[in-house]
Amino acid sequence: MLNLVSVSRKVEKNEPFSIKNSGLTIIVMIALLACMLSTGISTYFRKIVYRVFQQGALAMLAYQTKDYEKLASNTFILKYTKEDEELASIVLTLAEEYLQEAEKILGLKHASRQIPLVFYRDEESLKRSFGWTGDKSAVGVYWAGSIRLVSPYGWNSRSPQNSAEAREIFAREGPLAHELTHLLVDKVTGGNYPRWLTEGLAQDVEERITGFTLDEPSADRKAKAYSFKKLDKEFDEQPDQYLAYWQSFHAVRQLLARGGKERMGALLRALGKGQEFHRAFAETYGVEFADFAREVFGLASW
Ligand SMILES: [Zn+2]
């Protein structure tokens, strides 16, 4: 059965936050505009645009969290509030441990340091950091080079009774392994990947590290499978988010069964060189993506 934390975690949102700082607004807007205009231009330029965009977003996050406490490890810089002091070191230790495990599982190496992790006390604070309103809900988000997490004391499902329990719940049910995989995929591909691919890989790694996995949906539900096009550009808009996540997971598992982490790594590296996804897929797996889509979900249109 799916636990409540995971349900809320699965409703991740990838849209950008509302921007209030004018200097950064300009940087981010220029980067976004350039991204929109960049179809067909060189991979080199696209990568520069992508980097500028991430730097803008990271600068914005640093400004938003300038009054937070800070603790660093080899790879991460964790920002947190005083209320979560007792959890800070375990979050950093787990982040180092899970990143290493995720790298081993995927056969990828992430070299950069100083990855920002922000630990918010509650969901409201995380939502405010993106300017989200309404009932959007998440306890972990990877976005533009940083990972944002909600303290287990702020999860809607249940509140830990003491710090030992909080640490245990966070290690077992927290979104860290999932979000770290998004980070790895993003770094290796330079942002050039379909959404379902990163969601599927994140769930695969998460299952291998924490044991958490989604149950297979009923046949009725599976008959309403979304097209891969929808699972890429309109992932968050699909009404059955459970199905969208499960399909992503299932598709990735099929690919791993065919070519293991070696081919998956080759696909991600080809994307990192700026190759168009369908071409990179056909070259890596020796089959057209449309045929794979038909085979895996019986999709008439993909
Ligand atoms: Zn995710």
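1. Basis. This is a predicted model, in which local features need pLDDT of at least 70, side-chain atom pairs count only at pLDDT 80 or more, and totals for chains, interfaces and linings use all residues. Residues are numbered from 1 along each chain as its sequence is written.

2. Overall content. The protein chain has 13 helices and five strands (DSSP runs numbered from the N terminus: H or I of at least four residues for helices, E of at least two for strands). Of its 302 residues, 36% are buried (20 or more other C-beta atoms within 10 Å of the residue's own; exposed is 12 or fewer, partly exposed is in between, and C-beta atoms are placed from the backbone). Among contacts between residues at least 6 apart in sequence, 68% join residues at least 24 apart (contact: C-beta atoms, placed from the backbone, within 7 Å).

3. Helix 4 with helix 7. Helix 7 (residues 176-189) packs on helix 4 at an angle of about 55°, the axes being 9 Å apart (axes are lines fitted to C-alpha atoms over the stretch in contact, and angles run from 0 to 180 degrees between N-to-C directions). Helix 4 is therefore oblique to helix 7 (under 35 degrees is roughly parallel, over 145 roughly antiparallel, 65 to 115 roughly perpendicular, the rest oblique).

4. Helix 8 with helix 11. The axes of helix 8 (residues 195-210) and helix 11 (residues 241-272) come within 7 Å and cross at roughly 80°, so helix 8 is roughly perpendicular to helix 11. Among the contacting residues are Trp196 and Asp204 of helix 8, and Tyr245 and Arg253 of helix 11. This contact has eight nonpolar, four polar and three charged residues.

5. Positive phi. Most residues other than glycine have a negative phi. Gln114, in the loop between helix 4 (85-106) and strand 3 (115-120), has a positive phi near 60°. Gln114 is exposed because 10 other C-beta atoms lie within 10 Å. Ala144 has a positive phi near 50° and lies in the loop between strand 4 (140-143) and strand 5 (146-150). With 20 other C-beta atoms within 10 Å, Ala144 is buried.

Key: Two residues are in contact if their C-beta atoms, placed from the backbone, lie within 7 Å. Ala, Val, Leu, Ile, Met, Phe, Trp, Tyr, Cys and Pro count as nonpolar, Asp, Glu, Lys and Arg as charged, and the others, Gly among them, as polar.
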